Amino acid sequence: MPNAAMSSDGGDGLTTVAAVLVAGGSGTRLGADVPKAFVRVAGRTLLEYAVARFLGHDAVRDVVVAAPAALTGAAAELAPGATVVAGGRTRQESVARALAVLAADVEVVLVHDVARAFVPAALIDRVLDGVRLRGADGAVPFLGVTDTVRRVTPAGDLGELVDRTALLAMQTPQGFRRAVLDRAHAAATTADATDDAALVQALGGRVVAVRGDERAFKVTVPLDLMLAEALVQRFGADLESTWWDVEHG
Ligand SMILES: Nc1ccn([C@@H]2O[C@H](COP(=O)(O)OP(=O)(O)OP(=O)(O)O)[C@@H](O)[C@H]2O)c(=O)n1
Ligand SMILES: C[C@](O)(CO)[C@H](O)COP(=O)(O)O
């Protein structure tokens with residue numbers, strides 16, 4: 001499907017924005033005794049941090065959370081301003097279930113991992129600008145890759161060197177014109193795409209890259225939780241600080 005056709009719908013103003021927060025995972029790599037969204041950092045769950053980021057953002061009107069099916073009630077209690085749905089077996093299914101309950105007038109959707117609970121408002125702004133100002137179907141934040149990267153051979157030996165300057169590590173929120181994202185999910189041929197940009201591009205959509213932010217790191221393994229705890233202690237719950245912006249802005 002050509003870009004022009006995909007970009008022509010979704011509304012001219014692109015003003016009505018909803019956030020889909022996926023929280024339906026179990027957090028196997030974290031290994032906590034509750035699903036990852038319910039793990040606490042400085043007394044609050046990752047779900048609460050993430051919901052507060054989006055409900056507190058001026059541009060975002062609606063928030064939908066896809067929670068583990070057995071914990072939708074608990075999620076609703078922690079996120080009173082959000083709509084909660086049961087997540088699916090995969091991240092992709094969780095996104096699709098949340099998309100299914102969005103209000104009809106939503107024009108832009110921000111899909112975000114609750115595991116990236118500390119996303120700063122400025123990153124949400126950059127993603128929205130990417131969709132609204134660059135005429136794209138979607139906008140996705142990225143960081144550069146900092147390690148040396150190699151392929152591994154089938155035998156498990158060190159393979160060829162990969163040029164890391166040509167690689168981008170994707171973050172969330174990933175922002176899309178709502179009509180395009182709906183179509184991309186409806187057309188998906190597998191249920192395990194690791195992000196939504198891949199589905200939109202599979203349909204011929206144009207997705208632009210915007211600068212990411214280290215604070216939007218994904219809590220994946222126990223060390224990430226220690227980092228989160230230390231950052232909240234150092235900078236406060238929203239991790240906003242002049243020092244950070246000077247150093248990293
Ligand atoms: N069936 C699923 C699987 C994942 N997610 C969400 O997708 C985001 C990114 O996934 P990841 O960090 O991999 O979370 P988990 O799947 O929970 O982690 P793991 O792979 O270690 O089990 C998380 O916010 C997670 O809750 C989801 O909503 N539904
Ligand atoms: C969407 C994502 O966070 C972008 O980096 C990532 O693809 C999620 O992958 P995971 O395997 O579910 O952690």
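This is a predicted model: local features need pLDDT of at least 70, side-chain atom pairs count only at pLDDT 80 or more; totals for chains, interfaces and linings use all residues.

Me: What does the protein contain in terms of helices and strands?
Reply: The protein has nine helices and twelve strands.

Me: What radius of gyration does it have, and what would a compact globule have?
Reply: The protein has a radius of gyration of 18 Å, which agrees with the value near 18 Å for a compact globule of 249 residues. The C-alpha trace spans about 50 × 45 × 40 Å along the principal axes.

Me: How many of the residues count as buried, as a percentage?
Reply: Of the 249 residues, 41% count as buried. As for the contacts, among those between residues at least 6 apart in sequence, 70% join residues at least 24 apart.

Me: Let us turn to α5. Which residues does it cover, and what is its reach?
Reply: Helix α5 comprises residues 121-133, 13 residues in total. From first C-alpha to last it reaches 18 Å, close to the 18 Å expected at 1.5 Å a residue.

Me: Which of its residues are buried?
Reply: The buried residues of α5 are Leu123, Ile124, Val127, Leu128, Gly130 and Val131. They lie on the same side of α5, because they cover an arc of only 150° around the axis.

Me: Why would such spacing put residues on one side?
Reply: An α-helix has 3.6 residues a turn, so residues three or four places apart point the same way.

Me: And what covers those buried residues of α5?
Reply: The cover includes the strands β1 (17-22), β6 (108-113), β7 (138-144), β11 (174-177) and β12 (207-211).

Me: What follows the helix α5?
Reply: α5 is followed by Gly135, which has a positive phi, near 65°.

Me: Now the ligands. Which residues come nearest to ligand 1?
Reply: Of the 22 residues around ligand 1, Val22, Gly24, Gly25, Thr28 and Arg29 come nearest. The shell divides into six nonpolar, ten polar and six charged residues.

Me: Which residues are around ligand 2?
Reply: Ligand 2 has around it Arg91, Asp113, Met170, Gln171, Thr172, Thr194, Asp195 and Lys218. In this shell, one residue is nonpolar, three are polar and four are charged.

Conventions
Residues are numbered from 1 along each chain as its sequence is written. Chains are lettered from A and ligands numbered from 1 in the order in which they are written. A residue is near a molecule or strand if its C-beta atom, placed from the backbone, lies within 6 Å of it. Ala, Val, Leu, Ile, Met, Phe, Trp, Tyr, Cys and Pro count as nonpolar, Asp, Glu, Lys and Arg as charged, and the others, Gly among them, as polar. Helices (H or I, at least four residues) and strands (E, at least two) are DSSP runs, numbered from the N terminus. The expected span of a helix is 1.5 Å times one less than its number of residues. A residue is buried if 20 or more other C-beta atoms lie within 10 Å of its own, exposed if 12 or fewer, and partly exposed in between; C-beta atoms are placed from the backbone. The arc is that of the directions from the helix axis to the C-beta atoms. Two residues are in contact if their C-beta atoms, placed from the backbone, lie within 7 Å. The radius of gyration is taken over C-alpha atoms; the globule rule is 2.2 Å times the number of residues to the power 0.38.
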